Amino acid sequence: MSNGNEAQRPGARAIRPATRALRQVLETSEEFEVLLQRHLTVNPTDLKAMEHLIQSGPLGATELARRIGVSSAATTAVVDRLVSLGHATRIPNPEDRRGVVIVPKPESVARAMAALMPMILGIDAVLDEFGERDQGVITSYLERVLEVYREQLRD
C-alpha cells in the first residue's frame, strides 16, 4: 500500500503522479468492493462468484470453482449462501442431466448493476472529456499496465 513517502526511502526513485494515481484508483476500487459486498450482504468470495455469474451467465459448479479459485466443497458453500440470499438458483444442467448450473437471479443482477452503473457511467463520462487521440493514449497506457500486472502474476 502507498503512503506517499516512497521518494523518501534511500535510493528510491520518485513515484510519478500517474503511477500514484493508479495506485489510489486500485485502493479505492477495493473500498468500493467492500461497499458492494455490504450492499449485497455477501462476503468477498461470494461477490467474486456473483461477478462471474453476472458476466458469464449460468455456470457449472466445477467451472465456478475454477474461476473463483476454491475447492468444490467451498464452492458448494458459496452457492448455498447465494441461493439462500436470493442471488442465485440451481437448475439442471441442460448438457449433463447429472449436474446443475448456477444461474444469477435477475433481481440480484439488477440490484448489483444499480450499484455499479453510476460508477461505470461516471468513469465513461470522465473519458468523454478527452479527445479521441488522448483516449487512445489512455487506453494504451492502461493496457500496458495490465500487461505488467499479468506478467507479475506469471512470475
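Me: Which residues in H1 meet which residues in H6?

Reply: This is a predicted model, in which local features need pLDDT of at least 70, side-chain atom pairs count only at pLDDT 80 or more, and totals for chains, interfaces and linings use all residues. Residues are numbered from 1 along each chain as its sequence is written, and side-chain values use heavy atoms, without hydrogens and water. Contact means heavy atoms within 4.5 Å. Here Ala18, Thr19, Leu22, Arg23 and Leu26 of H1 meet Tyr141, Leu142, Val145 and Tyr149 of H6.

Me: How are H1 and H6 placed, by the angle at which their axes cross?

Reply: Two packed helices are described by the angle between their axes and the distance between the axes. The axes (lines fitted to C-alpha atoms over the stretch in contact, with angles from 0 to 180 degrees between N-to-C directions) of H1 and H6 (residues 132-154) come within 13 Å and cross at roughly 70 degrees. H1 is therefore roughly perpendicular to H6, a label for 65 to 115 degrees. Helices are DSSP runs of H or I, at least four residues, numbered from the N terminus.

Me: Is Asp46 buried or exposed?

Reply: Buried means under 20% relative accessible area, exposed over 50%, with a 1.4 Å probe and protein chains only. Asp46, in helix H2 (residues 44-56), is buried at 2%.

Me: Which residues does Asp46 touch?

Reply: Leaving out residues up to four places away in sequence, Asp46 touches Val78, Arg81 and Leu82.

Key:
Helices (H or I, at least four residues) and strands (E, at least two) are DSSP runs, numbered from the N terminus. Angles under 35 degrees count as roughly parallel, over 145 as roughly antiparallel, 65 to 115 as roughly perpendicular and the rest as oblique.
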